[in-house]
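Subject: Handing over a structure, with notes on its salt bridges

Dear colleague,

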Amino acid sequence: MTKEMATREAYGNALVQLGEKNEDIVVLDADLSKSTKTAGFGEKFPNRFFNIGIAEADLVGTAAGLAAAGKIPFASTFAIFATGRAYDQVRNSVCYPRLNVKLAATHAGITVGEDGATHQALEDIALMRAIPNMTVVVPADGIEAQQVIEAAVEYDGPMYIRLGRSKVPMVNDESYKFELGKGVVLKEGSDVTIVAAGVMVNEAIKAAEALKADGIDAEVINIHTVKPLDKELLISSVAKTKAVVTAEEHNIMGGLGSAVCEVLSQNQPVPVEMVGVNDTFGESGTPQALLEKYGLTAEAIAEKVHKAVKRK
Amino acid sequence: MNNLNNERKNQLENTAKAVRRHIVNMVTDAKSGHPGGSLSAVEVMTALYFEVMDVDVKQPQKEIRDRFVLSKGHATPVLYGVLAEKGYFPKEELTSFRKVNTLLQGHPDMKEIPGVDMSSGSLGQGLSVANGMALAQKLNNTGKKVYTLLGDGEIQEGQIWEAAMTAAHYKLDNLVAFLDFNGLQIDGDIDNVMSPTPLKEKWEAFNWHVQEIDGHCFEEIFAAIEKANETKGKPSIIIAKTVKGKGVSFMENNAGWHGSAPSEEQRQQALKELE
C-alpha cells in the first residue's frame, strides 16, 4: 500500500474486490464514475453497474428499489449532490423504510478545492445524521476506507460513507481492524481529548506531537463513525482528560463537534472547543490553501487545545 | 385474464364496491385522509391485486413475486382497502387508519404493513423505486413484473421524468406504470395549476409504450395490461382516464375532496350510494 491515497480510490478498489465475491452488490453513478472511481466496477461488472445520468434524485430512488428487491446498492456521486440535492429521496425512500442502500459520497468537504463553494459539502454530516436509521461513517485514510466498504456490505441498513477527493496520508497500517461504531484511540493522553474524523485525524496526530513541547499530553481519537457515536469511549476518555477539542472538515454546526457536545452535555460536561469551517461557505483554491485559510490545521487544533485546557 | 366472463366481472365489481366503502369508512373514521384520488384508482388497484399480480397473501415477503409501488402515496385508503379485501390483514384493522399506535399509517409504511412493497408519500419518488425493483427482477431473472401507480398531478415532479428516461434507457419491459388521470389536484383543475399535456406524446417521446384507457372499465384495464406485457424492449404506461371521487355523487369531479373527510351524514349518504 502506498503512503498516500484518496479515500475515493480505496472505495473504487474495494468495490471491484467485493463485487467479485458478492453478486448482490450493484453500483449506481450519476455521470461521475471516473471521479467517484466506480468506473472500474462498471468495466468489470457491466450488468451490475447503472449509470443513471445527471439525476441524483433518480439515482437514490433507483438504489432504494434495488435494495427493496434484495440487492446491495452503492449509490455514488459527489457529497453535495448525494445529501443536498437528493435529501428528500434519502430521507423518505431510503431511511424511512430502512433500506440497505449505501450512499457513497465522494468529493466531500473543502478539499474538493478549486470548484469552490457550490461543490464543497460542508453540511452533509449534519443532514445525514439528523435522519433516523442513517449510519454515518467518515474514513480517515485508504486503509480505513477499504474496510468501511467491507463493513458496509456486511451491515444491513442505510449508510452514508463520506469520501474525499484529495490524496491523504495513511494514519493506519495494514494491521488495522475497522469496527463500525467503535472509535479508535490513536494516542493515549491525560490532559485533553482530541476527537477527529476524516482528513482531520492526521492533523490531530500532528497537533498532539506538537503539544508535547508545551507539556500537554493529548489523547487522540479517530471517531470514524459519527453516527452512532461511540459514547462509551468518549465518556471514559473525557473522565480522564476533562477537556475536548473536536476536529472535522465540516461546518462547526451540526457535524462531529455537535454530536460530541450532545453526548458530553448530557453525560460528562467538560469544556469543548471545535475546529471546523466556521459557518461560512468556502471558495476556490487548492485543498491545502483552503485548509489553511479556513483553519483546518494541526496548528489550529493545538491552539484550541490550549483554550480548552485553560477552561478546565 | 383474457376471458373476463360475467361471473368474474361481477365479482370484481363487487370487490371494487367493497373497497369504495372501505375508503369512505376509513377516511370518515380517521377524520382525515384522501378519498378523491383513492376512489378514482379503485378499478386499477382491484384489477392488479385480484387478477393480475403474482403475490401470495400468506407470504407477503416472498422473494420472487410481482411488486407494486403506490407512487401517489396519499391514496392509502384504496391500497389498504384492497389489501384488507385480499386478506393481508383483518378488515377490522381499517378502523385504526391514521390513529396513533396503529399499523395503518397515513402514507404506506413497508416495514409495518403486510403487503406494502414500498413506503411512499413524498411525491415523485415511486417511479425511480419501481425502476430499481425492475432492474433487480431482471438481474435475478425472476420473470416477474413491477407495477406502479402515479398521480396526474404527481408527474409535475421533475424526478418522474428522470425516472422515465432511466426506465426507457434500461429497456424495462417488466415495468408497467398506471397514470391515474382524474384531472384534478389540490388547487383545482390540473390544466389550470400546471398542465401536463400533451401526455401521450410526452411519454412516447420518452420512448415508452403508451396506452389510453377508461380507468373504470375492467375489460380495458386487462386488455391494456396484456398489451403492455406483450411489449418488448420498452416500459409501458397506461394512462387511465378516471373520475376523482368516483362512485360517490357529491365527491365526483370535485377537487375539494382531494384531502378532506366526510361528515357522519355524508358517510351514510355515500354508503347508500355504494350498496
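What follows is a short account of some charged pairs and of one histidine.

Please bear in mind that this is a predicted model, in which local features need pLDDT of at least 70 and side-chain atom pairs count only at pLDDT 80 or more, while totals for chains, interfaces and linings use all residues. Residues are numbered from 1 along each chain as its sequence is written, chains are lettered from A and ligands numbered from 1 in the order in which they are written, and side-chain values use heavy atoms, with hydrogens and water left out.

A search of the whole structure gives 25 salt bridges over all chains, a salt bridge being a side-chain nitrogen of Lys or Arg within 4 Å of a carboxyl oxygen of Asp or Glu. One of them joins E9(A) to K37(A), with the closest N and O atoms 3.9 Å apart. This pair links distant parts of the chain, since E9(A) lies in helix 1 (residues 7-21) of chain A and K37(A), 28 residues apart from it, in the loop between helix 2 (33-36) and helix 3 (39-44). Helices (H or I, at least four residues) and strands (E, at least two) are DSSP runs, numbered from the N terminus. E9(A) is partly exposed at 26% relative accessible area, and K37(A) is partly exposed at 27%; here buried means under 20%, exposed over 50%, and partly exposed in between, with a 1.4 Å probe and protein chains only.

K187(A) and D217(A) also form a salt bridge, at 3.0 Å from N to O. Here too distant parts of the chain are linked, with K187(A) in strand 9 (residues 184-187) and D217(A) in the loop between helix 9 (200-212) and strand 11 (218-222), 30 residues apart. K187(A) is buried at 16%, whereas D217(A) is partly exposed at 30%.

Within helix 9 of chain A, E203(A) and K206(A) are three residues apart, and therefore separated by about one helical turn; their salt bridge has its closest N and O atoms 3.2 Å apart. E203(A) is buried at 15%, while K206(A) is partly exposed at 44%. Elsewhere, E273(A), K304(A) and R311(A) are linked in a network of salt bridges.

Finally, H107(B) sits in the loop between helix 4 (76-86) and helix 5 (126-139) of chain B, and is partly exposed at 28%. Leaving aside residues up to four places away in sequence, H107(B) is in contact (heavy atoms within 4.5 Å) with residues including G73(B), H74(B) and Y80(B).
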